[in-house]
Amino acid sequence: MRIIAGSAKGHPLKTMSGQNTRPTSDKVKESLFQMIGPFFHGGTVLDLFGGSGSLGIEALSRGMDQAVFVDKSAQAVHVIQQNLEKCHFADQATVYRSDALKALAMLAKKDVRFDLVFLDPPYALTILPKLLQVIDTHQLLLPKGLIVAEHDQSVELPEALDTFTAFRKQTYGSQTQMTLYEAKEMHSNG
């Protein structure tokens, strides 16, 4: 696994050993960033199930200003920190070892909002609908913000919540699906 584009292009990323994580493949990652915009002009990204930090670090490499990484695994937090150092983004990132729902509540209390949110939980977890509800309730997505949810095709996600709506679904192989949400303000005329 490596950084595909931007200031850290080509940097290899350390991954976690074992079967507890399922890193997003370079091919899927490249397709994803083509869908959401290949490069960014600043902003803050949340990588909620950080794993190796691949998605959040790719977003930093492509122009995001700041990143918040969350993972409940101590090994994952260590790998993310190593990858941030290797790619020279340690000063642009905060890494928390925490449960996803607790992390969202903590970020809401700190009044942190995001331009881009990656939700890539282990497929066995059925937590995505709840996470989307919490992000909606606490209004963690900024105007013009995007949420990328990677999940098993069998998972049913809501088409819309109060502050954001699904605008694209993309299937990869026989299992993986990406559902992309955008803040509703993107379509308002006022």
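This is a predicted model: local features need pLDDT of at least 70, side-chain atom pairs count only at pLDDT 80 or more; totals for chains, interfaces and linings use all residues.
1. Asp-99 caps helix H4 at its N-terminal end, with a side-chain oxygen 3.1 Å from the backbone nitrogen of Leu-101.

2. Helix H4 spans residues 100-109, and its buried residues are Ala-100, Ala-103, Leu-104, Leu-107 and Ala-108. These residues lie on the same side of H4, because they cover an arc of only 135° around the axis. An α-helix has 3.6 residues a turn, so residues three or four places apart point the same way.

3. The stretch just after H4 contains Asp-111, whose phi is positive, at about 60°. The side chain of Asp-111 also forms a salt bridge with that of Arg-113, with an N to O distance of 3.0 Å. Asp-111 counts as exposed because its relative accessible area is 54%, whereas Arg-113, with a relative accessible area of 25%, is partly exposed.

4. The count of salt bridges in the model comes to 4. Among them is the pair formed by the side chains of Glu-58 and Lys-29, at 3.5 Å from N to O. This pair links distant parts of the chain, since Glu-58 belongs to helix H2 (residues 54-61) and Lys-29 to helix H1 (residues 26-36), and the two are 29 residues apart. Are Glu-58 and Lys-29 buried or exposed? Both residues are buried.

5. Glu-58 has a further partner in Arg-62, and their side chains meet in a salt bridge of 2.7 Å, N to O. Glu-58 has a relative accessible area of 0% and is therefore buried. Arg-62 likewise counts as buried, because its relative accessibility is 4%.

6. The remaining point concerns how these pairs connect. The Asp-111 and Arg-113 side chains meet in a salt bridge, as set out in point 4.

Notes
Residues are numbered from 1 along each chain as its sequence is written. Side-chain values use heavy atoms; hydrogens and water are left out. Buried means under 20% relative accessible area, exposed over 50%, partly exposed in between (1.4 Å probe, protein chains only). Helices (H or I, at least four residues) and strands (E, at least two) are DSSP runs, numbered from the N terminus. The arc is that of the directions from the helix axis to the C-beta atoms. A polar contact is a pair of N or O atoms within 3.5 Å; within protein, one must be able to donate a hydrogen and the other to accept it, and residues adjacent in sequence count only if both atoms are side-chain atoms.
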